[in-house]
Amino acid sequence: MKKRLLTLMIVSSMLLSLASCGNSTQSNATESSGSGSEISSSSTVKESGNEDVSQTYLFTDDAGREVEIPKEITRIVPSAPLAQIILFAIASEQFVGLATEWHDTAKGIIGDKYFDLPCFGSLYVSADLNVEELALAEPQIIIDMGEPKKSIKEDLDNLQNQTNIPSVYVSSTLESMPETYRKLGKLLGKEEKGEQLAQFCEKIYNRTTSIMEKVGDNKIDTLYVIGKDGLNVLAKDSYHSELLDMLTNNVAVVDNPLSKGTGNEVTMEQISLWNPDFVIFAPDSIYDTVKQTDSWNKIDAIINDKFVKVPAVPHNWMSMPPAVQRYLGLIWLTAELYPEYCDYDVKADIMEYYELFYNCKLTDEQYNTITKDAFLK
């Protein structure tokens, strides 16, 4: 009760301060671009002496910050959609709010009760984090994950001061995901679940790297296309192209790879020059009409029917955001591109993923619907 009163006093103070200056507390950050957010200058100061220090400890996060956090955590909030996906797999029952609302296509995959959670917005990406509502929900910790922004320390310090809630950063890349889940397991008191998720990720990643060693220099020339006009691509060496670069010869080589979900805008002339052998279309792109588009019918991949659409229920298997669901991309795309090297059961692995990470036992009908356009005709 004291903690709730303190939080309410803090939030009231924040609101008065905000009203007097007319500023919003929402972050002005941009999506995963390497530049951090700027949070409103109003902040609250953590009062000392109100916490039982025997119930807390100093945690050093992956940004090198020492943060005092509870030894027992049962209430968490993700800072952004990427963190939401990773954290949901290990501690969905600890969520007291979301960074982004679930898409309608997630119904039947994500439990109904999680659609009723309040949405506080995102520290990055949409930069619409509502710190007042977040503070009122009284999470014990806010967790940020993914690509480290240049201003990550300042951003999380500001967020922590504003909300009086410990805010930490845990790194996560495609390769480091097993270690990420082991860290989260210790942090959240979910070691057994964390280890289970880590071992699944290790199995998939190690198998994929072994297959790619056999593929060697024979990676297939591939292009990942985004947008209804089909003129945006995931550029080689961008943060979002990590999986694509691992499995293919990503022909989208540009001068300034953008680390954002919309990728780099290019011209049809440039796509014609790249002339990929295989094309992966993002959801909501021109996949359905590409065969009726004259400019695309000059591309080898389209002429030879070597193109697919990425599954995206409940999240895009390739990226956007580049979270743990990319392991579904490793399972699916590796076998689709290099079947001669893959002797595993794609469907069984995908079904196992959905059960482990979404707590959902897919039906055959659901599986067929999700992967409808994912395989070559």
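The buried residues of helix 6 (buried: under 20% relative accessible area with a 1.4 Å probe, protein chains only) pack against helix 2 (81-91), helix 5 (177-188), helix 7 (242-247), helix 10 (326-337) and helix 11 (346-358). Contact here means heavy atoms within 4.5 Å. The model is predicted: local features need pLDDT of at least 70, side-chain atom pairs count only at pLDDT 80 or more, and totals for chains, interfaces and linings use all residues. Residues are numbered from 1 along each chain as its sequence is written, and side-chain values use heavy atoms, without hydrogens or water.

The protein has 12 helices and 11 strands. Both are DSSP runs numbered from the N terminus: helices are H or I with at least four residues, strands are E with at least two. Of the 377 residues, 53% count as buried. Among contacts between residues at least 6 apart in sequence, 65% join residues at least 24 apart.

Helix 6 covers residues 191-215 and has 25 residues. Its first and last C-alpha atoms are 36 Å apart, close to the 36 Å expected. The expected span is 1.5 Å times one less than the number of residues. The buried positions of helix 6 include Gly-194, Leu-197, Ala-198 and Cys-201. Ile-204, Tyr-205, Thr-208, Ile-211, Met-212 and Val-215 are also among them. An α-helix has 3.6 residues a turn, so residues three or four places apart point the same way. Gly-216 follows helix 6 and has a positive phi, near 60°.

Strand 6 (residues 221-226) is mostly covered, with five of its six residues buried. Two strands pair if DSSP finds at least two bridges between them. Strand 6 pairs with strand 10 (residues 278-281) in the parallel sense over four bridges. There, Leu-223 is the bridge partner of Val-279. Strand 8 (residues 249-250) also runs parallel to strand 6, joined by two bridges. Thr-222 has Asn-250 as its partner in strand 8. Strand 7 (residues 232-233) runs antiparallel to strand 6, again with two bridges. Five residues separate strands 6 and 7 in a hairpin, and Gly-227 in the turn has a positive phi of about 95°.

The largest pocket holds about 1,100 Å³ of space. Of its 45 lining residues, Ala-312, Pro-314, His-315, Asn-316 and Met-320 are the closest to its centre. On a 1 Å grid over the protein atoms alone, a pocket is an open set of points where a 1.4 Å probe fits, with protein on both sides within 12 Å along at least five of seven lines; lining residues have an atom within 4 Å of a point. Helix 2 gives the most to the lining, with four residues. Strand 4 (141-146) and helix 12 (364-370) each supply at least two.

Pro-314 lies in the loop between strand 11 (307-309) and helix 10. Pro-321 is found in the loop between strand 11 and helix 10.

Most residues other than glycine have a negative phi, and most peptide bonds are trans. Asp-284 has a positive phi, near 60°. Asp-284 is exposed (over 50%), with a relative accessible area of 61%.

How values were computed: Grid points are joined across faces, edges and corners, and a volume is the space filled by probe spheres set on the points.
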